[in-house]
Amino acid sequence: MNLDDHPTVQWYRQQELTQPRSDGSTKLDPQWLKNLCIEAGAVDAGFVETERSAIADQMSDLMEVFPAGKTLICIVHRLNHENMRTVAHSVTNLEFQQAWKDANLTARTIAFRLQELGFRALNVPVGFPMEIDRWPAKMWLSCDKINATEAGLGQMGWNRLVLHPRFGANIVLGTILTDAELTSYGAPIEFNPCVECKLCVSVCPVGAVGADGYFDFVSCFTHNYRERMGGFADWVEKLVASHSVKDYRTRVTDSETVSMWQNLSIGGQTRCDRCMAVCPAGENQIGGFLEDRKDFARFVKKMQDKEETIYVVPGSDAEAYATSRFPHKKIKRVSNGLRPNSVMMFLKSLPIAFQRHQAEGLNATFHFTFTGQETCKGTVIIRDKTIKVLDGIVGTADLHITADSRTWISFLAKEASLPWALISRRIRIKGSPKLMKAFVRCFPA
Ligand code: B12
C-alpha cells in the first residue's frame, strides 16, 4: 500500500494544529497552561525550562525517557490536613494513597490535553513505580522537590518538605515533561513559608530531622519504609533465616506479618509522616497555630507519647536518639536492606549512609584502592562529624585500605568476615586497625 493513500496519513496531513498562543509565536502562555492544569485537578502548577542549571543533574534521566522535553510542568495536589493530623495511621495512609492516585490521574490528563493540542507530553510517575533495577541507587527519575521549588510553588522547610505558601507541607508533587515551550517560566518564591517552629524536629521518632537543619535520609528510610523496598527485603531474609514457626515468631511479631499482608494487598504504606502533620506553615494552617498553640502542643505530645515500634539499624544515630528521647516506645533493631552491589556504589553511597554522631572525635583521611573484578580508587575524609568523598587518591591517608572488590562487597553484605578477609589478604590495611573500626562504626548496616 502507498503510505500517502492511507486514511490516517491523509487525515494527518489535513490537520491544522491549533495551539493556544499568547503572543502570536509558537510559545504557550503560562497562565493558560496553569488553568489547564487546574482544570485537570491540580491545585497549583508552575513551570521550569529544561535548560535551567538548577535541574541539570536530573536531565540525563529525564532526557532518556523524553528527549523532546523543553518544559517541566510541576503540579501540586493537596492533602487533607485533618487526615494528616491524627495518630491513626490508617487515616493518614489512606489520604496519601488517594493523593498519589489523584495526582497521577491529573498528570495523565494534562499530558493527554496537551497531546490533543498537538504537543508531546509524558507524565513521570508520582511516587511509585520507580526504576527498580537501579536499586540500591537513586531510582526516581525526577526530583520533584527541586522542580517545584524552581517553578515557584514553595520553598523547602526545616522538615525538608516543600512548603506551599497556601497549603504548607500538605501537598504531593508531580512532574510532566512536554515539548511545548512557554513565553515565561517560574522562579523560586522569595520567602520561605517555614516559620522555623521546629515542631518537626520534636516529633521525628528517629531524629532524622535535625535541630541544626541536617536531614538523615537513612534513619527516616529505615523506620518509615519498613514495609517497602529494603525493609521488605529484610523481612524476606528474616523469613528465610527462620528455622521454625516458633523461631520466625521471635523475629517478627504477628502484627508485623499482618502489616506485610496489608502493604502487599492494598499498596505500600509508610510508618510516619509526622514532620508533615505538625507543620503549621502555609495560610491554611497558620491560623490554628497562632490562635491555639495549646491545641498544637497537645497534638505534638500525643505523637510523642504514642506507644509504637520504631525501626532502627543497630549502632545508628537513630537508635541512640530514639532510646534516649522516647524510652516508652519499642525500639526494634533491623536492617534497612541497603547494601551496595559495587565498590563504586559503596563510595557514592557513603554520604547517605553516614551516621554523623558515630563519628564523634574521628578526624581522619581514608584511602581506598579496589582491585580485582572492579578497580577504582577513592578518598574519604571524615572531619568534625562531616564526610567528603573524592574520586582517586587525594592527600595523605591515615588509613589505606586495599581490597579485592568482590570481597569488600561480600564483607558489607555480611557474607564474608573481616578477620578472614584480612588473614587471606583479600583486604589489607595500612594504618591503625582502630581507625578501621572507627570507620565501620560510622556506617552501621
Ligand atoms: C527519596 C525520597 C524519600 C527518601 C529521602 C527523603 C528526602 N528528604 O529526600 C525517604 C524515604 C526518607 C522519604 C521520606 C518521605 N517522603 Co519522600 N521522596 C523521595 C523522592 C523519591 C526523592 C527525594 C528527592 O529528590 N530528594 C531531594 C533531592 C535533592 O535529593 P537527591 O539529591 O535526589 O538525593 C538525596 C536523597 O534522596 C538521598 N538518596 C539518594 N539516593 C538514595 C537512595 C535511597 C534508597 C535513599 C533512601 C536515599 C537516597 O541522598 C541524596 C543526597 O542528599 C521524592 C519523589 C521525587 N520523585 O522527587 C519523594 C518526596 C520528596 N517525598 C515525599 C513525602 C511526602 C515523604 C514522606 C512524608 C513519606 C511519606 N509518608 O510518604 C517522608 C518525609 C521525609 C522528609 N521529611 O523528607 C513528597 C514530599 C512532598 C512535599 N511536600 O515536599 C515527595 C516529593 C513525593 C511526591 N511526589 O510528592 N522520601
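Modeller: Let's take the domains, then a helix pair, then the ligand shell. This is a predicted model, where local features need pLDDT of at least 70, side-chain atom pairs count only at pLDDT 80 or more, and totals for chains, interfaces and linings use all residues. Residues are numbered from 1 along each chain as its sequence is written.

Biologist: Into which domains is the protein chain divided?

Modeller: Domain bounds come from an automatic or database domain assignment. Here they give domain 1 (23–178), domain 2 (199–333) and domain 3 (343–441). The C-alpha centres of domain 1 and domain 2 lie 26 Å apart.

Biologist: How many residues of domain 1 are in contact with domain 2?

Modeller: Two residues are in contact if their C-beta atoms, placed from the backbone, lie within 7 Å. By that rule, 21 residues of domain 1 touch 23 residues of domain 2. On the domain 1 side, helix H4 (81–84) and H5 each give two or more residues, and H5 has the largest share, with three. Helices (H or I, at least four residues) and strands (E, at least two) are DSSP runs, numbered from the N terminus.

Biologist: And what about residue classes on that side?

Modeller: Ala, Val, Leu, Ile, Met, Phe, Trp, Tyr, Cys and Pro count as nonpolar, Asp, Glu, Lys and Arg as charged, and the others, Gly among them, as polar. The domain 1 side then has nine nonpolar, nine polar and three charged residues.

Biologist: At what angle do H2 and H5 cross?

Modeller: Axes are lines fitted to C-alpha atoms, for helices over the stretch in contact, and angles run from 0 to 180 degrees between N-to-C directions. The axes of H2 (residues 30–40) and H5 (residues 89–116) come within 9 Å and cross at roughly 130°. That makes H2 oblique to H5; under 35 degrees would be roughly parallel, over 145 roughly antiparallel, 65 to 115 roughly perpendicular, and the rest is oblique. Leu36, Cys37 and Ala40 of H2 meet Thr106, Thr109, Ile110 and Arg113 of H5.

Biologist: Which residues come nearest to the ligand?

Modeller: A residue is near a molecule if its C-beta atom, placed from the backbone, lies within 6 Å of it. Of the 31 residues around the ligand, Cys143, Asp144, Val162, Val172 and Thr270 come nearest. Helix H8 (217–224) is one of the elements that supply at least two shell residues, and H8 gives the most, four. The shell has 21 nonpolar, five polar and five charged residues, with at least three from each of domain 1 and domain 2.
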